[in-house]
Structure formats: C-alpha cells, structure tokens
Amino acid sequence: VGGDLLVLLSGGASAMLAAPPDGITLEDKRQITNALLRAGADIRQLNCVRKHLSRIKGGRLALAAGRCTTLAISDVHRPPDDPGTIGSGPTVADDTTFSDALRVLDEYAIDVPGRVREYLERGASGAIDETPKPGDERLRDVAFRVIANRRTAMDAAAREAQRRGYAVRIIETPTYGEARDAGRAFATRALGELGAARRGCVIASGETTVTVRGRGRGGRNQEFVLGAAAVLAQVQRPVVVGSAGTDGVDGPTDAAGGIAFPSTPSRLERCGRRLENVLAENEAYAALARLGDLITWGPTLTNVGDVHVLLTMSP
C-alpha cells in the first residue's frame, strides 16, 4: 500500500471531520445538517451540502496531501460502500457540485444564513474552486480500500446466533426509507422467511431516515422497532425484533436503539399511549424507556450502519 498520508476513515466522520471555509461557522453547518436530517434528506443529499461547505471534504484532503491511502469502515449502503459518501469522501473525487448543494437546500426549503447561500452561489458561478471531479489527474496517487462494512456486522451476528442454536437467514438488500415503514416491512418479510421455524433468526442492516413532524425525541432504530410492533401484534408465538446503531447512538438520545414484542402496543396502551400517536409525535424514546425496551450500550467508536434482528423462539 503506497501513499505518504494514511487515512483511517469510519462512518460518522462527516459529522466529526469539520473544517468550514472562511466566513462559514461550525454552528452554520450544525444547524443546516440538523435541518436536513429533520426534513428526511438522504445521506447522499446531506453529504453533497457538507462537501461544499468544507475545506477538507469532497476530495480536498487528498488534494492537500498529494499521495494518500485510505482504509475505510463503511456505513454507506446505497450505492454499496461508495467512497464518495463515506465520511463525505475527503480523499476521493466528488461527482456533485455547488449547484447540486443549492438544489438540495431548495428542495427541502432549508432556511440558511445569507452568508451560506452567498458562498454556495459564488461556487456555482465559478468564483470558488469546485471539489475535484472523477478523472482529476491530481488524484492519481490516491488509493482507497474498504476493510469493514454492514456485511461484517451481519456475518458476526449470524455466527453468534448459530452458536446459540438459531436457524439464520440474512437479508442482503439494505434497509432504507422511512424508519417506521421499513420496520413494518422487515417484520413482515422476516416472519415470511422463517415460516414455521421454531427457533429462527433473521438479520438485516442498512440505514433508514425519520421525517420529524412531532415534538418528541427518538431515533431511526427506535421508530423502526415501533413500526415492526404493529406487525408483531398479529403474531401468536414468541417473537422479538431489535434494531440498533452499530455506533451505539440512535438520534439525539443516549440509546443505540430498541426492542419490540407482540405485546408492545397493548403495553403502551396500559401506559396511556397508543402506538400510532407515539409515532405521530416522534416520541419513540419516551415510549420505549417507559416499557424498559431501550437498547443502551454506549458509543462503540465505529459505525457500519444499523443492524436489525428478528428472533422466534419455542413457546
């Protein structure tokens, strides 16, 4: 492996590796990122904006280094392990533009400070250098290798489940889209995959989104399992769904995710809450905390996305 600079890159680097251009503040970037997340922007759209409000993302670190090799742990699933998306691609070419970043902000009607819009408009007009594009000769001495991804996590989970005596199925297609809908779809498919298996395990992974409409608090994994709970409520055998972020952090909470059972909707009702109302208000965290069904294991210091598991057990 050649290169003068060795870059160890992990999922989550987009948020941690911040170097805004002159005139743009870290708080500007934080507010814009939060607004895009709340609006339901996907990771590619989010990173497009991040790259064009940075002095280091979108290949600019590689330009500064000249020769570099990146070893990456990927949390990117669509397209799989895309180098331009992992950590907002600080060491690879960027196929998005300043104009694309402006279109993303306009699509979601994100209110940005005037200095931010002026900066992006200057970039779109050519007054500020673009990020390096595919084929740029300045990146000829750049190497990039993915050393772990969501499949790494699923394979490890499958080995442990098999060790514990479960018949295991892995869903290869990454989960995506609105978390509560993805949870329902996963539970339905997983139960179908297992059929009448008395001790079965279905594992999937990916990264969903949450469109925040309520005033509550939660995360995509917490909404994922509450979405699945509506399906589990129709099941007449022991079954549980768990979903957690491999980085140990789910949204703006101290939980990694949560678990749900067939009894989850009725247990919520005994607490005075209806499942559909909890989801409408984005109150997954409070609801699962009340039930004692949060997964809380703390930061893992790495990230390959979210892992979802459904288990069926003998009565």
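Colleague: Is Leu301 buried or exposed?

Modeller: This is a predicted model, in which local features need pLDDT of at least 70, side-chain atom pairs count only at pLDDT 80 or more, and totals for chains, interfaces and linings use all residues. Residues are numbered from 1 along each chain as its sequence is written, and side-chain values use heavy atoms, with hydrogens and water left out. Buried means under 20% relative accessible area, exposed over 50%, and partly exposed in between, with a 1.4 Å probe and protein chains only. Leu301 has 81% relative accessibility, so this residue counts as exposed.

Colleague: Where does Leu301 lie, and what is its phi?

Modeller: Leu301 is in the loop between strand 8 (294-295) and strand 9 (306-312); strands are DSSP runs of E of at least two residues, helices are runs of H or I of at least four, and both are numbered from the N terminus. Leu301 is a residue other than glycine with a positive phi, near 70 degrees.

Colleague: Which residues does the cis peptide bond join, and what is its omega?

Modeller: The proline concerned, Pro79, lies in the loop between strand 2 (68-73) and helix 5 (98-107). Asp81 lies in that loop between strand 2 and helix 5 and has a positive phi of about 55 degrees although it is not a glycine. The cis bond joins Arg78 and Pro79, with omega about -10 degrees.

Colleague: Which ring does the charged end of Arg78 sit over, and how far is it from the centre?

Modeller: A charge sits over a ring if NZ of Lys or CZ of Arg is within 6 Å of the ring centre and within 35 degrees of the ring normal. Arg199 lies over the face of Tyr166, at 4.1 Å from the ring centre. For Arg78, the ring is that of Tyr176, with the centre 3.6 Å away.

Colleague: How many aromatic pairs are found in the whole structure?

Modeller: Rings of Phe, Tyr and Trp (its six-membered ring) pair if their centres lie within 6.5 Å; planes under 30 degrees apart count as stacked, over 60 as edge-to-face and the rest as tilted. On that basis, the search of the whole structure gives 2.

Colleague: Why is the pair of Phe98 and Tyr119 edge-to-face?

Modeller: The ring centres of Phe98 and Tyr119 are 6.0 Å apart. Phe98 is in helix 5 and Tyr119 in helix 6 (residues 114-125), 21 residues apart, and both are buried. The pair is edge-to-face because the planes are at 70 degrees.

Colleague: What kind of pair do Phe186 and Phe224 form?

Modeller: Phe186 lies in helix 8 (residues 179-194) and Phe224 in helix 9 (residues 220-232), so the pair ties together parts 38 residues apart in sequence. Phe186 counts as buried at 4% relative accessibility, and Phe224 is buried at 0%. The ring centres are 5.7 Å apart and the planes are at 40 degrees, so the pair is tilted.
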